[in-house]
Amino acid sequence: MTPKEVLEFAKANGVKMVDLKFLDLPGLWQHFSVPIGELEESSFEDGFGFDASSIRGWQPINASDMLVIPDAETAVIDPFMEVPTLSFICNIVDPVTRERYTRDPRYIAQKAEEYLKFTGIADVAYFGPEAEFFIFDDIRYDSATNYGYYFIDSKEGIWNSGKEEKPNLGYKLRHKEGYFPVPPSDTLQNIRTEMALIMEQIGIKVECQHHEVATAGQAEIDMRFAPLVKMGDQLMWFKYIIKNVARRHGKTVTFMPKPLYGDNGSGMHTHISLWKNGEPLFAGDRYAGLSEIALYAIGGILKHAPALCAFTNPTTNSYKRLVPGYEAPVNLAYSSRNRSAAIRIPMYSASPKAKRIEFRTPDPSCNGYLAFSAMLMAIIDGIENRIDPGEPLDKDIYALSPEELKGVPSTPGSLEEALSALEKDYEFLMKGGVFTQDVIDMWLDYKREREVDPVKLRPHPYEFHLYFDI
């Protein structure tokens with residue numbers, strides 16, 4: 001919609017408030033609202049002022065004034081506000097220079113799309129993330145000088161099989177048996193359907209929804225692939241809708257990669273393809289029906305994967321999921337159909353239009369705009385430098401002997417290691433000014449000071465079980 005059409009749309013729908021949404025550096029939506037009378041055609045150039053020093057990873061207090069500029073093309077009616085509310089995803093602008101803000105993740109994604117076109121390699125990059133999550137019934141956590149704990153509960157959790165529920169009707173999902181059970185074992189079918197239908201209501205195409213492998217409400221809803229920036233926008237709506245529908249039903253959602261011990265964590269397997277002039281570029285006559293460009297794209301991801309993990313797996317909790325020998329793909333290899341490889345080539349369809357690569361390492365704690373942009377920059381680097389991905393690995397990687405695994409590189413073992421890898425390997429991200437030195441430095445500093453060090457300095461509850469009687 002144009003700004004004029006947005007105003008007409010607002011009037012036709014009885015809109016009374018305007019909600020302005022934007023993203024902080026780590027990846028959470030922020031917002032503020034203004035009455036509809038404050039929105040004029042000029043607002044789409046002049047914007048609205050706010051204090052950016054209170055946003056995580058953004059401005060210092062002495063340079064805090066910034067502007068949000070609503071993007072007219074993102075206008076939708078917010079499905080959760082009691083009063084009719086028009087919602088925009090906004091871009092961030094410096095009020096003095098009128099330049100776009102380098103730490104705005106959406107701007108980085110927009111620059112990545114433009115850089116892809118500039119290279120001439122392709123004119124669109126499609127992304128299709130499969131973001132898994134947990135729907136819980138209760139969550140309590142706290143940490144202080146003399147204690148630290150968390151407590152999670154779910155009516156589906158196998159640990160409640162012996163609980164007095166007056167009555168306990170059973171049908172608790174055993175560990176690792178949550179994939180595709182029907183109701184009554186799957187208690188969340190109707191809630192997931194409600195989530196999917198609200199997504200469709202605001203224009204997100206949903207391909208399917210289902211229970212995932214873990215006990216205690218692990219779920220997945222798959223969106224149809226979309227261009228990079230649009231998918232970044234959709235991923236934010238995805239999380240917003242899922243959390244708010246769950247809350248409506250007295251439940252809570254987490255996109256933490258590994259909230260439960262002893263069961264599967266939540267990944268975000270990401271399907272990627274490049275197109276040019278309406279034609280797919282990843283289909284060809286090489287391995288698994290791939291083109292030479294697709295193989296070079298894989299080479300770029302595998303080469304830069306340790307650095308990519310700083311954006312695709314950006315929490316300390318991410319590395320509770322990325323543990324060798326368990327369900328997550330930590331070995332940096334590629335294969336057709338093989339889900340134990342970091343990169344899989346799906347073989348569901350013979351159509352060239354369906355040919356894509358699937359990067360299985362990422363998780364849903366990431367900032368989608370940054371993660372997708374970093375993946376695309378690695379792919380561009382792989383194609384431009386003709387990076388050979390090596391031979392595919394068509395064996396079950398988890399069944400390989402230590403001798404066979406010697407030559408297979410692995411993802412970092414911690415967020416600290418991933419940040420160190422990024423510190424050594426980020427030049428490919430800065431091509432075309434997509435990522436800037438300021439963004440890389442802030443990301444490293446923020447993650448180390450706010451996440452790595454605070455977790456490193458605190459005793460872990462299980463350490464008392466291991467060591468208290470020493």
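Q: How do the residues of the lining of the second largest pocket divide into nonpolar, polar and charged?
A: In this predicted model, the second largest pocket has a volume of about 820 Å³. Of the 40 residues that line this pocket, the closest to its centre are Glu130, Glu220, His271, Arg344 and Glu358. The lining divides into 15 nonpolar, nine polar and 16 charged residues.

Q: Which element gives the largest share of the lining of the second largest pocket?
A: Strands S7 (124–136), S10 (206–211), S11 (218–223) and S14 (268–276) are the elements that give two or more residues to the lining of the second largest pocket. The largest share is six residues, and the element that supplies them is S7.

Q: Which strands each supply at least two residues of the lining of the largest cavity?
A: The largest cavity has a volume of about 30 Å³. Its lining consists of Phe22, Leu23, Trp29, Ile89, Cys90, Asp104, Arg106 and Tyr369. These residues divide into six nonpolar, no polar and two charged. The strands that each supply at least two of the lining residues are S1 (17–23) and S6 (85–93).

Q: How do the residues of the contact of H3 with H8 divide into nonpolar, polar and charged?
A: On the H3 side, the contact includes Pro105, Arg106, Ile108 and Ala109, and on the H8 side it includes Tyr369, Leu370, Ser373 and Glu384. The residues of this contact divide into 11 nonpolar, two polar and two charged.

Q: How do the residues of the contact of H10 with H11 divide into nonpolar, polar and charged?
A: H10 contributes Leu415, Glu416, Leu419, Ser420, Leu422 and Glu423 to the contact. From H11 come Ile440, Trp443, Leu444, Lys447, Arg448, Glu451, Val452 and Lys456. The division of the contact residues is seven nonpolar, one polar and six charged.

Notes:
Residues numbered from 1 in each chain as written. Predicted model: local features only at pLDDT ≥ 70, side-chain atom pairs only at ≥ 80, totals over all residues. Heavy atoms only, no water. 1 Å grid on protein atoms, 1.4 Å probe; cavity = no way out; pocket = protein on both sides within 12 Å on 5 of 7 lines; lining within 4 Å. Points joined across faces, edges and corners; volume = space filled by probe spheres on them. Helix = DSSP H or I, 4+ residues; strand = E, 2+ residues; numbered from the N terminus. Nonpolar A, V, L, I, M, F, W, Y, C, P; charged D, E, K, R; others polar. Contact = heavy atoms within 4.5 Å.
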